[in-house]
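Trainee: I have a new model open and would like to go through its packing with you. Please take me from one feature to the next.

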Amino acid sequence: MTLTDKQRAFIDEPNFAVVAVNDDRGHPRSTVVWVDRDGDTLRFNTTTARAKGRHLARGGYVSVLIVDEHNFHRWLEIQGPARLVEEGALEHIHALSHKYTGRDFANPQDRVTVLVTPERVNEYEL
């Protein structure tokens, strides 16, 4: 699925996102993450030690809800399959940290980049 220019621009803003992943029992788990994109592929970063990383290592489908930092009524949701990539994950977490904090990430250990291919996109007030 191709994102619109408005959707891409929204992802490029430093808005926080909530990622929902199913755990081993099939129950949803949600966490707040930093996001960016590579073309139309949504990206976030996690560690292999966290539950989110362990659950995503099995493969699966995720929902990522990005919310405008100034207006919670303005949001973008992307749903799709996720895959983990270790190569370049350290550079990716530093790039995300610069986007959101203006400096390198403080503890870049055991990092993995999560790539989400959009299959379903919902938005409000974009």
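Trainee: Which elements are included in what covers the buried residues of α1?

Mentor: Helices (H or I, at least four residues) and strands (E, at least two) are DSSP runs numbered from the N terminus, and contact means heavy atoms within 4.5 Å. Buried means under 20% relative accessible area, exposed over 50%, and partly exposed in between, with a 1.4 Å probe and protein chains only. The cover of the buried residues of α1 includes β3 (36–38), β4 (41–47), β5 (61–67), β6 (75–85), α3 (89–101) and β8 (120–124).

Trainee: What kind of model is this, and what rules apply to it?

Mentor: Residues are numbered from 1 along each chain as its sequence is written, and side-chain values use heavy atoms, leaving out hydrogens and water. Local features need pLDDT of at least 70, side-chain atom pairs count only at pLDDT 80 or more, and totals for chains, interfaces and linings use all residues; the model is predicted.

Trainee: Why are the buried residues of α1 on the same side of the helix?

Mentor: The buried residues of α1 (residues 5–12) are Gln7, Arg8, Phe10 and Ile11. Taking directions from the helix axis to the C-beta atoms, they are on the same side of α1 because they cover an arc of only 160°.

Trainee: Which exposed residues does the face of α1 turned away from its buried side carry?

Mentor: Opposite the buried side, the helix has a face with exposed residues. These are Asp5 and Lys6.

Trainee: Is Ile66 buried or exposed, and at what relative accessible area?

Mentor: Ile66 sits in strand β5. Beyond residues up to four places away in sequence, its contacts include Phe10 and Ile11, which are two of the buried residues of α1. Ile66 is buried, at a relative accessible area of 0%.

Trainee: How many residues does the largest nonpolar core have?

Mentor: A nonpolar core is a set of buried Ala, Val, Leu, Ile, Met, Phe, Trp, Tyr and Cys residues joined through side-chain atoms within 4.5 Å. Val35, Phe44, Val64, Ile66 and Val116 have the most contacts inside the largest one, and α1, β1 (17–22), β4, β5, β6, α3 and β7 (111–116) each supply at least two of its residues. Its count is 25 residues.

Trainee: Which element gives the largest share of the lining of the largest pocket?

Mentor: On a 1 Å grid over the protein atoms alone, a pocket is an open set of points where a 1.4 Å probe fits, with protein on both sides within 12 Å along at least five of seven lines; lining residues have an atom within 4 Å of a point. Of its 14 lining residues, the closest to the centre are Val32, Asn45, Arg50, Ile93 and Arg111. The largest share, four residues, comes from β4.

Trainee: Which residues does Thr48 contact, leaving aside its neighbours within four places in sequence?

Mentor: Thr48 lies in the loop between β4 and α2 (51–57) and is partly exposed, with a relative accessible area of 40%. Outside its sequence neighbours within four places, its contacts are Arg54, Asp110 and Val112.

Trainee: What is the phi of Asp110?

Mentor: Asp110 is in the loop between α3 and β7. Although Asp110 is not a glycine, its phi is positive, at about 55°.
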